[in-house]
Amino acid sequence: MVQIRAAGVALYEGAFNLLERPMLALQRVLGQHRLAWVFLLPNLLIFGLFTFVPIILNFAFATTSGDRIIIGDRPYVGAANFASLLDCESYLNPNTCRRDLFWRAVHNTGWFVVLQVGFMVLFSLITALILNRDIVLRGFFRAVFFYPVLLSPVVVALIWKWILQRNGVLNAGLDWAGFGTVNWLLEANWAFFWIVFVSIWANMGFYVLILLAGLQSIPGDVYEAAEMDGTPRWRQLLRITLPLLMPTMLVVLVLSLIRAVQAFDEIYVLTGGGPGSATTLLIQYIYDVGFATRPRVYGLAAAASLMMAGVLFVLTMAQLAATRKRGEDG
Amino acid sequence: MKRILATTATLALSAGMAHAQELRFMCYQDGTECQAWEAQFETFHAENPGITVIVDEVPYAAIIESLPIQLEVGEGPDLARVTDYGGLARYMLDVRPHVSDADAIEARYGQSLAWARVGDNAPDGIYNIVDQLTATGGFANKTFFEQAGVDMPEPGASWADWAEASRAVRDAVGVDFAMAIDRTGHRFAAPAMSFGAALFDDNGDPILVDDGFRAFAEQFVAWHEDGTMARDVWAGAGGGTYQDAAGEFINANLVMYYSGSWQIGRFGRDIGDMFDWVATGAICGPEACTGMPGGAGIVGFSHTQHPEAVGAVMEFIARDDVQAAVLAQTRNIPANAMLQEAGIAYEDVSEDVAAALTAFAASIPSFSDTAYALQGYANNRAIYTSIPARITQAIVGELSLDEALERLDQDIADALAEAQ
Amino acid sequence: MFSWLLGRRGRNGFDLTDWLAFGFLGLGVVLMLGPVLWLVLSSFKTEAALQEFPPRLMPLAPVMVEVSGHAEPLPLYAITDGPEAGRELAQIRRIGLNAQMVDPARPDEVLNIHINDREAIRSVAVATENYTTVFTRFNFLLYFWNSTFITVVATILTVLFNSMAAFALAKYRFTGRTAVFVLIIATLMIPPTITLVPLFLVVSQMGLVNSHWGVIWPAIATPTGVFLLRQYMLTIPDDLLDAARMDHASEWRVYWKIVLPLSAPALAVLVIFSVMWRWNEFLWPLIVLNRSEVFTLQLALNAFQGELQTSWSNLLAMTVLTLLPITVVFAFLQKYITQGIAQSGVK
């Protein structure tokens, strides 16, 4: 163990020495402030090539039609894909829309985001605060809460099907305890409850870990000072922990919102979007029209994804702006 | 560059061979098809020393999702085992010029060869060799019928007969479900055609919803309302998601199950001696008694560097003795007309399995022309995924049946507008 | 009322707050770990046992007995009803509703038993063949190596490049900083599913199809990592950096020797995430890699899913196998999520 540690340190030093000279030369040429771009460069290059270029191509898909994927083979249709998605008599009633399934998915996704993000952030925060205490078996408990994140969506859905199906474990338990049984995934409201529950189960560990890291950045002596002033613990939580955790909370809020809007895999395998379209979320709609069927309607899928990204962008900027106003660095 | 990177490992193996032609075969399997082919290619390699076929076993998702994208940009394997003939037709290689006896292949595989002769493909081209012919059809739990003392409907009985008998058996033995149909338009299409759905007009363009189609859709929704159909299968999912009911049947919780011949091997293995089960044979509607054909097959792609070698492999795959050996092992029904007549000596199967394989193979000649037309229709996947999406909405009450059927026609029209 | 979230052990002994915390953790273990343990148990079940419902906790298989006069072992049943109730008999064969059964002690006497009057006797039996199949059917070691190579290389590059970018965004003031930051966050908004096709066009133009680099390059500039590290680095006091600069430390030294060590908790989290993402990644490798010599474990695992059938027993066994390495990585790294500024004595 000691040798491994020593080797790690040597490697770390070696990498430092290797890169110090060229970086120093660059610093002399560019000056301290422009060196920031050197630090940004590798990330931005890869970003540009593998993220921005595909996103720009996505715009090209959204304004063309057909089932080919080479852009040159696709006839230009302008905003027709967007127009067909937006063609509704009333946006509140999907049945009046040209693309009724898209609007059902929009409604479902809206509810899903509100419920899933709210409860997940709350539970993640409680869990992180407890796991940050100096408790016995802390590593074990951390692993327990993180483990579901490691499972693939197919396996997550399989486990919960065993639990929730008509003859599943939950109904067996209810039956044994003398309660009535429910066909959980066949009743629209229950199915919706369970997709929220399962997606929190499968993703919470991710945010717990981020919050745990954030809690480490709060200096311990702040608490000691508060303790000496006789500040009660619940006030310490509200006055010290939460404000100082704000930069990390922002990460959790932004990421959980984006990922909730884009929720798909485990829900798709668990309910298939059913019963009917009760648990069909936006990405499933995009997947269904753009990938699962033939001919693939890429244009519509790309247009839907861009509309979704637009809404997400506004929401995220609002989150960033809101935290900046509160005086935290942003 | 990419070839160098990717094939270093295999190059090392074949470096000694002069002019070695390496073919990549992308294979997915439901049972043991890829292993069976890999074993047969040993023979092929012995007979054709210059050619190496490497089998890359992939998830079915790769065939459906990544293969078309790869082919579109000119990447991808030389051969693949596929099911979506219409969608991939434009990338396929016509091996007719590269086989020694095209007429022999035509005589044996004529019916399924038509499935890839769509779009701009040559009307006499040889594009695909089907190695797993499937037929839809019913399975019944014979032990339940005996326990209930209900006579099992004979082959040729109607859907109404089966519904009535299954309900009686369900009530007598006290299980959950009388009937179930897999959640896909492919399974739905067979009874719909039996109820008189024409599916295509005289020009061969799809007209999905007509009186016959509507009649079965109404009956199907009504069967869900009165509890004849297992609600979990169709109402338990959304969109075009596929869902089967094999688990319910295996667990002796379902009296009659409409699925297809590919379930036979699984039933033989998982049901074992728990109960007796039989294939129902053809089930009739007011207009016909048809099932749906289908199946996976092997195709070559036109971007290959070695079309002659691909032709040699395809001819090998089509050979009677090779097909018979593979089918005996994978327990599939032959698409090869000679073998259909001669029969396959399936390895190591129980009586139930052998009887079911025979029953399904026997039902195939009675399938209607419409069924073959649908299977050979290039955009049939749009139909297969739209039917469950819309009919389920009618079952759970999101839409009335009329609205659902109207939306269904609209979906098909939208999809066809995208196909160029 | 919130005190149980903040209490530290060793102050007042084991008080109410500790009970509440452990109550929460206990519930967490049942809810979070229960299903996972069941998954592990299920990976030892046969395919038929997996289909069975109500599902059983333990893998069970019928008890077989040797009966003289019969070549194969026969399954043992408990007789629950009828004249023979209470006996344990072996079944020779079942014909319709009746079973021909025999007492293993008296092999000559054949009894006819109605099938509803008997119940199979089963005992715990581990289906290790689920695991052995995984090793015989695939070149497991090659796929393991491929997955490891992609994971290790991508994680090193991810942590290096993301932390450099995060350092620039957190600790420098330069024109365009906000724009770059917003741009990076904005790329999270486009769902990865939809950019697969255009991304494949790019990767195939670069000739990276069927190369491990085709999986590595597109994966390493993660917006999540930049965002996470930047937010963490914001909490590192600037005085510390300025003090070092006064001592003529180069910017590279400030980054490598001060900022990186102080960011250890966030770096540990990013390493865990990166390892997990790359190790479990499925959809993108599925599209880029289609030759078996470059396959990853996830591709091999999913090959158990056919069009119409899935071989769950093998898929679960392989899932459990692929979980082992990341479990080790997590166990090793989670310790580093405790040593931040809080412990380093820096204010």
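Me: Which pattern does chain A follow when read along the sequence?

Reply: Helices are DSSP runs of H or I with at least four residues, strands are runs of E with at least two, and both are numbered from the N terminus. Read that way, chain A runs α-α-α-α-α-α-α-α-α-α-α-α-α-α, with 14 helices and 0 strands. Please keep in mind that this is a predicted model, in which local features need pLDDT of at least 70 and side-chain atom pairs count only at pLDDT 80 or more, while totals for chains, interfaces and linings use all residues. Residues are numbered from 1 along each chain as its sequence is written, and chains are lettered from A and ligands numbered from 1 in the order in which they are written.

Me: How many residues of chain A and chain B take part in their contact?

Reply: Two residues are in contact if their C-beta atoms, placed from the backbone, lie within 7 Å. Here 27 residues come from chain A and 28 residues from chain B. On the chain A side, helix H13 (residues 282–292) gives the most, with 4 residues. That side divides into 9 nonpolar, 12 polar and 6 charged residues; Ala, Val, Leu, Ile, Met, Phe, Trp, Tyr, Cys and Pro count as nonpolar, Asp, Glu, Lys and Arg as charged, and the others, Gly among them, as polar.

Me: Which residues have the most contacts inside the largest nonpolar core?

Reply: A nonpolar core is a set of buried Ala, Val, Leu, Ile, Met, Phe, Trp, Tyr and Cys residues joined through C-beta atoms within 7 Å. A residue is buried if 20 or more other C-beta atoms lie within 10 Å of its own, with C-beta atoms placed from the backbone. The largest core has 317 residues, and those with the most contacts inside it are A:Val208, A:Ile210, B:Ala180, B:Val313 and C:Val269. Helix H8 (residues 188–215) of chain A supplies the largest share, 18 residues. Another core, of 10 residues, lies apart from it and includes C:Val67 and C:Ile113.

Me: Where in chain C is confidence lowest, and where is it highest?

Reply: pLDDT is the predictor's confidence in each residue, from 0 to 100. Chain C averages 87, and 93% of the residues score at least 70. Helix H16 (residues 341–344) of chain C is lowest, at a mean of 43, and helix H5 (residues 140–171) of chain C is highest, at 96. Over residues 340–347 of chain C pLDDT stays under 50. Where pLDDT is low, the predicted coordinates should not be read in detail.

Definitions and conventions. A residue is buried if 20 or more other C-beta atoms lie within 10 Å of its own, exposed if 12 or fewer, and partly exposed in between; C-beta atoms are placed from the backbone.
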